[in-house]
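Please look at the sequence and the structure before reading on.

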Amino acid sequence: MIFKILLIIFLIGVLTVGFSAAKIVNSFREGMKEFRDQVNGKSGPSQARTQHKKEEQTVIDRRNSAEASRKIFQESEGEYVEFEEQKGEPDQKG
């Protein structure tokens, strides 16, 4: 009798581990497929980026990844700002 109970518990454990492993493998395969599609430049509705703002407006970006990640500044426009240090007494907040 106790052997049958242990066998049933063991089979339930094996089935649980098997289903969990299958879900992990399936999610890994889906991730690899999405990655492969992105690398190959295939864009579809699943790649649209959605951004929610506080005003309850939804912005959906349907550009492909190359267009969305391109630099918007020209090469002649720098991102460095020159400044001169002013000599004098520092402001004291108290």
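The points below cover the overall layout, the confidence, the first helix and the surface.

The model is predicted, so local features need pLDDT of at least 70 and side-chain atom pairs count only at pLDDT 80 or more, while totals for chains, interfaces and linings use all residues. Residues are numbered from 1 along each chain as its sequence is written, and side-chain values use heavy atoms, with hydrogens and water left out.

**Overall layout**
- The protein contains two helices and two strands, where helices (H or I, at least four residues) and strands (E, at least two) are DSSP runs numbered from the N terminus.
- Along the sequence, these elements follow the pattern α-β-β-α.

**Confidence**
- The average pLDDT (the predictor's confidence in each residue, from 0 to 100) is 79 for the protein, and 74% of the residues score at least 70.
- Confidence is highest in α1, at a mean of 92, and lowest in strand β1 (residues 49-52), at 57.
- Where pLDDT is low, the predicted coordinates should not be read in detail.

**Helix α1**
- Helix α1 (residues 2-39) has 38 residues and should span 56 Å at 1.5 Å a residue, which agrees with the 55 Å between its end C-alpha atoms; the expected span is 1.5 Å times one less than the number of residues.
- Just after α1, Gly41 takes a positive phi of about 85°.
- One salt bridge (a side-chain nitrogen of Lys or Arg within 4 Å of a carboxyl oxygen of Asp or Glu) is found in the whole structure.
- This salt bridge joins Asp37 and Lys33, whose closest N and O atoms are 3.2 Å apart.
- Asp37 and Lys33 are separated by about one helical turn, because they lie four residues apart in helix α1.

**Surface**
- Buried residues make up 2% of the 94 residues; buried means under 20% relative accessible area, exposed over 50%, and partly exposed in between (1.4 Å probe, protein chains only).
- Leu6 is found in helix α1 and is exposed, with a relative accessible area of 53%.
- Lys33 is partly exposed, at 48%.
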